[in-house]
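Please look through the notes below with the model open.

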Amino acid sequence: MAAPDPRVIRLLMELRRMGIADTKVLAAIEKVPRQLFVAAPFLDQAYENHALPIACGQTVSQPYIVALMTQALQVNDRTKVLEVGTGSGYQAAVLAQLCRRVYTIERHKPLLKQAEERFRTLRIHNITSILGDGAKGWPEQAPFERIMVTAAAHDIPPLLVDQLQVGGIMVLPVGEASSGEQDLVRVVKLERGIDIQHLGPVRFVPLVEGIAET
Ligand code: SAH
């Protein structure tokens, strides 16, 4: 086996220090080469603990936020997950290490195509991706045991709650993207209604309606 990359080791130590205790999540972060998901000018920062720009004016999230959201989602190798906002594909690739299948939706075609190419390169076969408006979910594949939204919604999207199984968990940033900060929330679907837990402030690009023109 290749010697571990010291930049990856340093990142994992930082995530542990910041409170990521789930060893399976840390192992998944260790396994997915973030350098394949960032644009060429930012290659030297691939293992820094911050968000980086990707195409179409979007961003790949900070590794700490990827780890925090993945940990909060509480998945296992039998879980069927929906991700809204494929972006670079990094978060989907991390989830794919831990889940049975990841369904992921992106509204920018160029981003989706690049992400799909990365999944092929890495031989990740348990991700199904489509171009679409993720705020509407993926009714043909519902219900989902877990849903992760990686773009900021004004409110918890009701259509996504509908597509979540009872007892299922959804993790998403809620609030105005323009205001700078949103609230990361963890929603548990109950027989009647939902239970909401606040996980702290985050910064995400907005959840935008419809498929992009590009
Ligand atoms: N999970 C991504 C983060 C990407 S940033 C990663 O690991 O890289 C958020 C992404 O959500 C952007 O690519 C943006 O285009 C996408 N997005 C925003 N609104 C959307 C919507 N309604 N449906 C699908 N994707 C959306």
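1. In which loop is tyrosine 47 found? Tyrosine 47 sits in the loop between helix H2 (23-31) and strand E1 (52-53). Helices (H or I, at least four residues) and strands (E, at least two) are DSSP runs, numbered from the N terminus. Tyrosine 47 is buried, at 8% relative accessible area. Buried means under 20% relative accessible area, exposed over 50%, and partly exposed in between (1.4 Å probe, protein chains only).

2. A word on conventions. The model is predicted, so local features need pLDDT of at least 70 and side-chain atom pairs count only at pLDDT 80 or more, while totals for chains, interfaces and linings use all residues. Residues are numbered from 1 along each chain as its sequence is written, and side-chain values use heavy atoms, with hydrogens and water left out.

3. Now the ligand. It is surrounded by 26 residues, and the closest are Ser88, Glu106, Asp133, Gly134 and Val208. A residue is near a molecule if one of its heavy atoms lies within 4 Å of it. By class, this shell has ten nonpolar, twelve polar and four charged residues. Here Ala, Val, Leu, Ile, Met, Phe, Trp, Tyr, Cys and Pro count as nonpolar, Asp, Glu, Lys and Arg as charged, and the others, Gly among them, as polar. Strand E2 (59-60), helix H4 (90-98) and strand E4 (101-106) each supply at least two residues of the shell.

4. Which atoms does the ligand approach? A ligand oxygen is 3.0 Å from a polar backbone atom of glutamine 91. A ligand nitrogen lies 2.6 Å from a backbone N or O atom of valine 208. The protein covers 99% of the 580 Å² of accessible area that the ligand has on its own. That area comes from the Shrake-Rupley method with a 1.4 Å probe.

5. Ten of the eleven residues of helix H3 (residues 63-73) are buried, so H3 is largely enclosed by the rest of the structure. Among its buried residues are Tyr64, Ile65, Met69 and Leu73. H4 is mostly covered, with eight of its nine residues buried. Its buried residues include Tyr90, Gln91, Val94 and Leu98.

6. A polar atom of its side chain lies 3.3 Å from the backbone oxygen of arginine 100. A polar contact is a pair of N or O atoms within 3.5 Å; within protein, one must be able to donate a hydrogen and the other to accept it, and residues adjacent in sequence count only if both atoms are side-chain atoms.

7. Finally, the backbone. The peptide bond from alanine 142 to proline 143 is cis, with omega near 0 degrees. Proline 143 is in the loop between E5 and strand E6 (144-149). Cysteine 56, in the loop between E1 and E2, has a positive phi near 60 degrees. Cysteine 56 is partly exposed, at 28%. Glutamine 74 follows H3, and its phi is positive, near 50 degrees. Glutamine 74 counts as partly exposed, at 47% relative accessibility.
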